[in-house]
Amino acid sequence: MKKKPSKPTKPFGTINFSSSGKVKKVMHQLSPEKEKQELEAFYRFISKFNKKYAPESLHMVEQLDENGHDFLASINGAKIEIQLTEIVSRDWLIEIDKKEYNSGKYNYYSHRIDSDIPYAIDMMKKINALKKAISKKHEKFYAKCSHPLWLIVFTTDTSYLTEYWEDTEKTIPRSLILARQYCSTLQNDLTFNQIWFTNLLTNPVRVF
């Protein structure tokens, strides 16, 4: 029997604090099997999308062949095709030793479960990760299909936010600004009709 392709993934979730002071960790993990993982990620996107953007109604029709786009879906009854891609934290995390950690060379760190020495974060790579993911997909120059084509970028790194509220003001981080600027420069040459981002926990954000 042919072994199904696998794709590494890590747990993601939230820590909730109740009014009584109790702390509850709510964790999730996608399947390590590539096709199931992508399907689970897309279903999470659909659920969050429909709650946030009602009466818009997005539904999965079928998972497509590995050689084509990833999904056939429908939005308000009209067919669309979906390309799904992931950005992963290993693209911006740097493994360092104790000497490097104590040197003050790095300004940002990410906790490691398996070591007292955290990962250092290359913040420019992290900020540019969304733009880079869109660029890589655009540069594949997919053939025009009979339906509109959406790109959905997802991550299980819940520290990767693109819009958030601080006090009463919406903050748009540089990662989203750069991604939108990149898409704007392509104008009508952009491969995708719509581009979305989700960290699978918060509301999906339309990039372009």
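This is a chat between two colleagues about a predicted model.

Colleague: Let's begin with strand β4. Is β4 mostly covered or open?

Modeller: Mostly covered: strand β4 spans residues 71-75, and five of its five residues are buried.

Colleague: Which of those residues point which way from β4?

Modeller: Phe71, Ala73 and Ile75 point one way, while Leu72 and Ser74 point the other way, and all are buried. In a regular strand the side chains alternate between the two faces of the sheet.

Colleague: OK, and how many bridges join β3 to β4?

Modeller: Five bridges, with β3 and β4 running antiparallel. As an example, leucine 58 has isoleucine 75 in β4 as its bridge partner.

Colleague: What about β4 and β5, in which sense do they pair?

Modeller: In the antiparallel sense, over five bridges. There, leucine 72 stands opposite glutamate 81 in β5.

Colleague: How many residues sit between the strands in the hairpin of β4 and β5?

Modeller: Two residues, and in that hairpin asparagine 76 takes a positive phi near 55°.

Colleague: While we're at β5, where is lysine 79, and how far is lysine 79 from methionine 60 in space?

Modeller: Lysine 79 is in strand β5, which covers residues 78-86. Lysine 79 and methionine 60 are 9.7 Å apart, C-alpha to C-alpha, with a separation of 19 residues in sequence. As for cover, lysine 79 is partly exposed because its relative accessible area is 39%.

Colleague: New topic: other positive phi values. Which phi does leucine 200 have?

Modeller: A positive one of about 70°, although leucine 200 is not a glycine. Leucine 200 is found in the loop between β12 (194-198) and β13 (205-206).

Colleague: Is leucine 200 buried or exposed?

Modeller: Buried, because its relative accessible area is 0%, and buried means under 20%.

Colleague: And phenylalanine 141, what is its phi?

Modeller: Phi of phenylalanine 141 is near 50°, again a positive value in a residue other than glycine. Phenylalanine 141 lies in the loop between α3 and β9 (149-154).

Colleague: Is phenylalanine 141 buried or exposed?

Modeller: Phenylalanine 141 counts as exposed, because its relative accessibility is 60% and the exposed class starts over 50%.

Colleague: Let's go to α3 itself. Which residues form the positive surface patch?

Modeller: Lys125, Lys132, Lys136 and Lys140 form that patch. One of them, lysine 136, is in helix α3, residues 123-138. Lysine 136 counts as exposed because its relative accessibility is 53%.

Colleague: How many bridges join β7 to β8?

Modeller: Two bridges, and the strands run antiparallel, with β8 at residues 119-121. Tyrosine 109 has alanine 120 in β8 as its bridge partner.

Colleague: Last one, about the backbone: which residues does the cis peptide bond join?

Modeller: Alanine 54 and proline 55, with omega at about 15°. Proline 55 lies in the loop between α1 (34-53) and β3 (58-63).

Note on methods:
Residues are numbered from 1 along each chain as its sequence is written. This is a predicted model: local features need pLDDT of at least 70, side-chain atom pairs count only at pLDDT 80 or more; totals for chains, interfaces and linings use all residues. Side-chain values use heavy atoms; hydrogens and water are left out. Patches are made of residues with over 30% relative accessible area and no salt bridge: like charges are joined within 9 Å, nonpolar side chains (Val, Leu, Ile, Met, Phe, Trp, Tyr) within 5 Å. Accessible areas come from the Shrake-Rupley method with a 1.4 Å probe; for residues, only the protein chains shown count as cover. A salt bridge is a side-chain nitrogen of Lys or Arg within 4 Å of a carboxyl oxygen of Asp or Glu. Lys and Arg count as positive and Asp and Glu as negative; His and the chain ends are not counted. The place of a charge is taken as NZ of Lys, CZ of Arg, CG of Asp or CD of Glu. Helices (H or I, at least four residues) and strands (E, at least two) are DSSP runs, numbered from the N terminus. Buried means under 20% relative accessible area, exposed over 50%, partly exposed in between (1.4 Å probe, protein chains only). Two strands pair if DSSP finds at least two bridges between them.
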